[in-house]
Amino acid sequence: MMDIILSTAKEDDRIRAAVLEGSRTNPNAPADLFQDYDVLYIVTETESFQADRSWIDRFGARLYMQYPEDGPYPADRHRCYGWLMQFSDGNRLDLHVATLDYALENDLQDSLIRVLLDKDGLLPPRAPSDDSAHWVQKPSQALFSAECNEFWWCLNNLCKGLWRGEVPYAQWVLGSLLRPQLLKLLSWKAAAPHGFRVSVGKCGKYLHRFLPREDWEAFLSTYCGGDVEEMWAAGERMCDLFLRIQRETALALGYSFDASEARNSRAFFDRVRRLPRDAKEIF
């Protein structure tokens with residue numbers, strides 16, 4: 001695949017440079033058979049590549065694919081256009097063509113870039129590829145407090161969803177409102193001993209490398225199925241874990257935290273969990 005990627009760039013006069021992006025340029029990413037080839041061709045124009053779509057046939061037999069810039073969402077397709085391809089041999093190629101000005105404004109800002117070809121010396125000098133652009137950022141006291149407040153405030157949405165038996169809504173609260181805050185806290189705890197010079201990966205997929213096993217297993221226990229009681233139990237485990245990590249992270253960073261907010265939110269959770277379905281009042 002790399003031979004085809006490079007030979008295509010060398011032979012096509014419209015392509016002036018080629019760069020590899022993503023996990024294949026990251027020395028800290030595990031190498032396996034599912035790693036994509038994320039490739040950007042820097043081109044003189046994009047229109048001719050879009051007009052004759054058969055040019056991508058050279059990369060192999062495709063099982064299925066996607067044209068992301070053809071979707072219903074805003075796209076600057078005159079400066080950047082892409083083909084996401086899953087091939088029958090198992091390889092996946094996420095290929096984009098972009099003008100130099102677009103690449104300099106967007107893709108080339110990332111630290112996970114390896115220059116494969118630069119015919120005209122267009123690209124500025126680069127440091128060796130690393131994941132520094134994706135390191136966990138140390139929060140300020142204000143951000144730490146705000147993210148903790150977001151978790152404890154949104155917990156009441158889980159309570160009312162579960163009491164009503166609204167499983168889809170409650171699952172959304174768990175996954176989209178509460179878990180992202182827990183992930184941030186776990187990421188801060190994981191990164192603090194390393195001077196915030198680590199990446200935990202998309203959706204925290206590398207967190208297990210940096211957390212004690214107890215924390216990682218407690219985090220996994222917050223996932224659940226669609227049974228309401230199972231979801232109540234997962235919410236309880238999430239609260240317990242969040243409060244513990246909140247305390248530990250505040251101590252590690254020298255920050256304060258609002259213990260009464262956590263205590264009162266959790267008390268509300270416990271109250272609603274015990275509340276009969278025919279209740280007319282919460283308290």
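A residue counts as exposed when its relative accessible area is over 50%, and as buried when that area is under 20%. The model described here is predicted. Cys203 has a relative accessibility of 66%, so this residue is exposed. Cys203 sits in the loop between helix 5 and helix 6. Its phi is near 60°, a positive value in a residue other than glycine.

Phe196 belongs to the loop between helix 5 and helix 6 (213-220). Phe196 is not a glycine, yet its phi is positive, at about 55°. With 11% relative accessibility, Phe196 is classed as buried.

Other cysteines were then examined. The number of disulfides is zero. Cys224 takes part in no disulfide, and the nearest cysteine sulfur, in Cys239, lies 12 Å away. A disulfide requires sulfur atoms within 2.5 Å. Cys224 is partly exposed, at 22% relative accessible area. Cys80 is buried, and its relative accessible area is 8%.

Helix packing was considered next. Helix 5 spans residues 167-191, and helix 7 spans residues 228-253. Their axes lie 10 Å apart and form an angle of about 20°. Angles under 35 degrees count as roughly parallel. The two helices, helix 5 and helix 7, are therefore roughly parallel to each other. The crossing of helix 5 with helix 7 is left-handed. Residues of helix 5 in this contact include Val167, Leu174, Leu178, Leu182 and Trp188. On the helix 7 side, Met231, Gly235, Met238, Phe242 and Ile245 are among the residues met. By class, the contact of helix 5 with helix 7 holds 14 nonpolar, five polar and four charged residues.

How values were computed: Residues are numbered from 1 along each chain as its sequence is written. This is a predicted model: local features need pLDDT of at least 70, side-chain atom pairs count only at pLDDT 80 or more; totals for chains, interfaces and linings use all residues. Side-chain values use heavy atoms; hydrogens and water are left out. Axes are lines fitted to C-alpha atoms, for helices over the stretch in contact, and angles run from 0 to 180 degrees between N-to-C directions. Helices (H or I, at least four residues) and strands (E, at least two) are DSSP runs, numbered from the N terminus. Angles under 35 degrees count as roughly parallel, over 145 as roughly antiparallel, 65 to 115 as roughly perpendicular and the rest as oblique. A crossing is left-handed if the near helix is turned anticlockwise from the far one by less than a right angle, and right-handed if clockwise. Contact means heavy atoms within 4.5 Å. Ala, Val, Leu, Ile, Met, Phe, Trp, Tyr, Cys and Pro count as nonpolar, Asp, Glu, Lys and Arg as charged, and the others, Gly among them, as polar. Buried means under 20% relative accessible area, exposed over 50%, partly exposed in between (1.4 Å probe, protein chains only).
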